[in-house]
Amino acid sequence: MNGTTALRDGVRDVYSSIAQQTARHLPFPTGRALAEDLGYPSTLLDTIPATSVEGFCGISNVSLFARIPAGATVLDLGAGAGLDTLIAARRTGEQGKVIAIDFSAEMAGRARLAAAEMRAANVNVYLTDAEQLPIKDASIDVALINGIFNLNPYREQIFSELSRVLKTGGSVYAAELVLTGPLPAESQNSAADWFT
């Protein structure tokens, strides 16, 4: 197994353990407390299934600041447990749709369950990698990305896929953690330091 594959498997294992709520010592905060810290109103979170809220692992409230017109087709790339997916589903309305993508079966399962609990018929959840989207060319109006680029070594392919699926004039709203200085060489490809 090469280093890139090992890193991806390590990231998937961490997110899967969060979804299963078996993680003991996480390298970052999760759940409702994190969502509230990032500016998701508690009154809004009260209306979203706990299945989704308690599995939240984002870094921003991207689904709140994004412009999501009624009737839009929205991509939630790296959807996790589906918090941004469900918010986007409300914002785009019954005439729109949201396609949620995640690479963790456990997270995708949470998102599906939460969508069913909320009766969000305009949501489809897919278990796949961000660089291999099961989406038609030029079919997405708005893409939401809440912190996946720093966790995926295949960034160039992800950008290529986003370019392929986004309509002309479509929008991408992304939040990401950014280093303010270079990592030491020994940390750059270390799974132990991936989340720090």
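This is a predicted model: local features need pLDDT of at least 70, side-chain atom pairs count only at pLDDT 80 or more; totals for chains, interfaces and linings use all residues.
I'll walk through a few of them, then look at one helix.

Let's start with aspartate 46 and arginine 32. Their side chains meet in a salt bridge, 2.7 Å from N to O. Aspartate 46 sits in the loop between α3 (42-45) and α4 (50-53), while arginine 32 is in helix α2 (residues 31-37), so this pair ties together parts 14 residues apart in sequence. Aspartate 46 counts as exposed, at 57% relative accessibility, and arginine 32 is partly exposed at 23%. There's a network here too: salt bridges link Arg32, Glu36 and Asp46.

Now over to arginine 164, whose side chain meets that of aspartate 137 in a salt bridge, 2.6 Å from N to O. Arginine 164 is in helix α8 and aspartate 137 is in the loop between β3 (123-127) and β4, so here the parts being tied together are 27 residues apart in sequence. Arginine 164 also forms a salt bridge with glutamate 161, with the closest N and O atoms 2.7 Å apart. Those two are 3 residues apart in α8, about one helical turn. And is glutamate 161 buried or exposed? Buried, with a relative accessible area of 11%.

That brings us to α8 itself, residues 155-165, where Ile158, Glu161, Leu162 and Val165 are buried. Looking down the axis, these buried residues fall within an arc of 100°, so they line one face of the helix. What do they pack against? That would be β1 (73-77), β4 (140-146) and β5 (166-175). Over on the other side of α8, Glu156 and Ser163 are exposed.

Notes:
Residues are numbered from 1 along each chain as its sequence is written. Side-chain values use heavy atoms; hydrogens and water are left out. Buried means under 20% relative accessible area, exposed over 50%, partly exposed in between (1.4 Å probe, protein chains only). Helices (H or I, at least four residues) and strands (E, at least two) are DSSP runs, numbered from the N terminus. The arc is that of the directions from the helix axis to the C-beta atoms. Contact means heavy atoms within 4.5 Å. A salt bridge is a side-chain nitrogen of Lys or Arg within 4 Å of a carboxyl oxygen of Asp or Glu.
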